[in-house]
Amino acid sequence: MSNYAHDGYLVVDNVLTSEQLAEVRAEATAICRGERGEIDGVVPAAPGEPDDDVLRRYLCVHFPHKISKVLHDVAVLPKIADALTGVIGPDVKMMQSMLFIKAEGKPGQAWHQDETHIPTRDRSLTAVWIALDDATVENGCLWVLPGSHRRGYLYPDREQHDVRFDCTKEAHGFTDDNAIPVELPAGSALVFDGHLLHRSLPNTGRHGMRRAYVTHYMNAGSLLPWFPPGADDSMGTVDHRDVVLVAGEDPYAFKGITDVMRPHVRPAGEGGCVR
């Protein structure tokens, strides 16, 4: 794991078998057709509507593991758990999943650090980005800035209106001369640190989707102050508990598990970004 400590990321080959890959792709289609339950922003597909037409309507669905056993089970696969315990430690919990579709012409996402959006008290946030199609420069693979995690510094972010990107904010205050693309074969995964600067560019190819399943994890022994404290909490003790234990033990299991996050579609940017 020395390269991970230095660079902030590592590639895990063959996380999904060919059979699992086919199952996850089929599940992604079922989710976008509205066949797995209600998702804010998803319009159920009409009978006979082609799958590709349905998939092209969406860029990203957040929290699909909440309504899909297939995607829940992928998030806790032993091969993923082994990689996570190697970089986080023996106790690991998951708090978020995202299903990216990214058909031809769909935008990428500007430079950002995941820890800006999901704060962990011990800097343990880790992403697992599984390619469901071959991820290439042409179709919008991830780009990373190796080593940008090591300072533990969160760069400021700002609104952006670059047509290459979706509606999320962009980090700034650094140079990206050393950025590199991470091309992945379908079924492999990129594991990376929550402070690592990364982005993706649009799918400019004419060769179909660039689908990916992305999940976020952290040390189960640390609190997750994802949202402001309630009336009876202090900032020091607030702890988001809509989580899934992936490996080891959860020292805060006595608090129970909540079910508050709901699947929804991320705005892609067509027609402008309204916040």
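**Salt bridges, a helix, a sheet and a cavity**

At 51% relative accessibility, Asp259 counts as exposed, because the cut-off for that label is anything over 50%. That is a value from a predicted model, as is everything else described here. Asp259 has a partner, Lys66, and the two side chains meet in a salt bridge with an N to O distance of 2.8 Å. Lys66 sits in the loop between strand 2 (60–62) and helix 4 (69–75), while Asp259 sits in the loop between strand 13 (244–247) and strand 14 (264–265), so the pair ties together parts that are 193 residues apart in sequence. Lys66 is a partly exposed residue, with a relative accessible area of 24%. The pair also belongs to a network of salt bridges that links Lys66, Asp242, Asp259 and Arg262.

Across the whole structure, the search turns up 17 salt bridges. Another of them joins Arg266 to Asp166, at 3.0 Å from N to O. Here too, distant parts of the chain get linked: Arg266 belongs to the segment after strand 14 and Asp166 to the loop between strand 7 (157–158) and strand 8 (170–171), 100 residues apart. Both Arg266 and Asp166 are buried. Then there is Asp52, which forms a salt bridge with Arg56, and in this case the closest N and O atoms are 4.0 Å apart. Asp52 comes out as partly exposed at 42% relative accessibility, and Arg56, with a relative accessible area of 31%, is partly exposed as well.

Helix 5 has two faces worth a look. Running over residues 78–87, helix 5 has Ile80, Ala81, Ala83 and Leu84 as buried residues. Why do they end up on the same side of helix 5? Around the axis, these residues cover an arc of only 165 degrees, which is what puts them on one side together. Turn to the face pointing away from that buried side, and the exposed residues Pro78 and Asp82 show up. After helix 5 comes Gly89, with a positive phi near 130 degrees.

Next up is a sheet. Strands of a sheet pair through backbone hydrogen bonds, either parallel or antiparallel. In this case the sheet is open, has four strands in the order 4-11-6-9, and pairs them antiparallel. The edges are taken by strand 4 (109–112) and strand 9 (180–182); each has a single partner strand, so one side of each is left without a neighbour in the sheet. Going from one strand to the next, the twist averages 25 degrees. Strand 6 (residues 142–144) and strand 9 run antiparallel and are joined by three bridges. Leu142 stands opposite Val182, which is in strand 9.

Finally, there is the matter of empty space inside. Rolling a probe the size of a water molecule over the atoms shows where such space is left. Searching the whole structure gives one cavity of 30 Å³ or more. The largest cavity comes to a volume of about 40 Å³. Its lining is made up of Trp111, His112, Gln113, Thr116, His117, Tyr155, Asp157, Lys169, Glu170 and Ala171. At least two residues of that lining come from each of strand 4, helix 6 (114–117) and strand 8.

Key. Residues numbered from 1 in each chain as written. Predicted model: local features only at pLDDT ≥ 70, side-chain atom pairs only at ≥ 80, totals over all residues. Heavy atoms only, no water. Buried < 20%, exposed > 50% of the residue type's maximum accessible area, 1.4 Å probe, protein only. Arc of directions from axis to C-beta. Pairing = 2+ DSSP bridges. Axes fitted to C-alpha atoms, helices over the stretch in contact; angles between N-to-C directions. 1 Å grid on protein atoms, 1.4 Å probe; cavity = no way out; pocket = protein on both sides within 12 Å on 5 of 7 lines; lining within 4 Å. Points joined across faces, edges and corners; volume = space filled by probe spheres on them.
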